[in-house]
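Have a look at the structure first, then read on.

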Amino acid sequence: MFYGQPEPPAPCTCPLRQAWGSLDALIGRLRAAYEENGGFPETNPFASGAIRVYLREVRECQAKARGIPYKKKKNKKADQDKGMSDEATNSSTGMQF
């Protein structure tokens with residue numbers, strides 16, 4: 001939007017993060033290279049919890065930006081069908097719980 005302007009009037013709205021898949025692949029390669037070159041898995045900085053948290057945040061942010069629901073919604077029809085099949089199973093065996 002403000003490309004080429006030395007003093008833009010507002011902050012750029014361009015995304016500043018790479019795609020989650022490419023970040024995940026890059027970190028995976030760095031983790032493997034660290035261990036292949038004599039690093040111990042326990043001290044691998046690319047396997048730290050902070051990296052996993054950051055990747056999760058990037059994935060959630062990008063999924064939300066694309067409009068992908070964060071959590072799956074339960075299908076009411078499938079739940080009703082399941083409940084009916086459970087009742088049918090219990091009544092056919094004659095057992096009540």
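**How H1 and H2 pack**

The crossing of H1 and H2 is left-handed, meaning the near helix is turned anticlockwise from the far one by less than a right angle. Helices here are DSSP runs (H or I, at least four residues), numbered from the N terminus. This is a predicted model, where local features need pLDDT of at least 70, side-chain atom pairs count only at pLDDT 80 or more, and totals for chains, interfaces and linings use all residues. Residues are numbered from 1 along each chain as its sequence is written, and side-chain values use heavy atoms, with hydrogens and water left out.

**Contact**
- On the H1 side, Trp-20, Leu-23, Asp-24 and Ile-27 touch Ile-51, Tyr-54, Leu-55, Val-58, Arg-59 and Gln-62 of H2 (contact means heavy atoms within 4.5 Å).

**Geometry**
- H1 (residues 20-36) and H2 (residues 49-66) pack at about 165°, with axes 9 Å apart.
- That makes H1 roughly antiparallel to H2 (angles over 145 degrees count as such).

**Around H1**
- Just past H1, Gly-38 has a positive phi of about 95°.

**Confidence**
- Mean pLDDT (the predictor's confidence in each residue, from 0 to 100) is 77 for the protein, with 66% of residues at 70 or more.
- Confidence is highest in H1, at 93, and lowest in helix H3 (residues 76-93), at a mean of 55.

How values were computed:
Axes fitted to C-alpha atoms, helices over the stretch in contact; angles between N-to-C directions. Helix = DSSP H or I, 4+ residues; strand = E, 2+ residues; numbered from the N terminus. Parallel < 35°, antiparallel > 145°, perpendicular 65-115°, else oblique.
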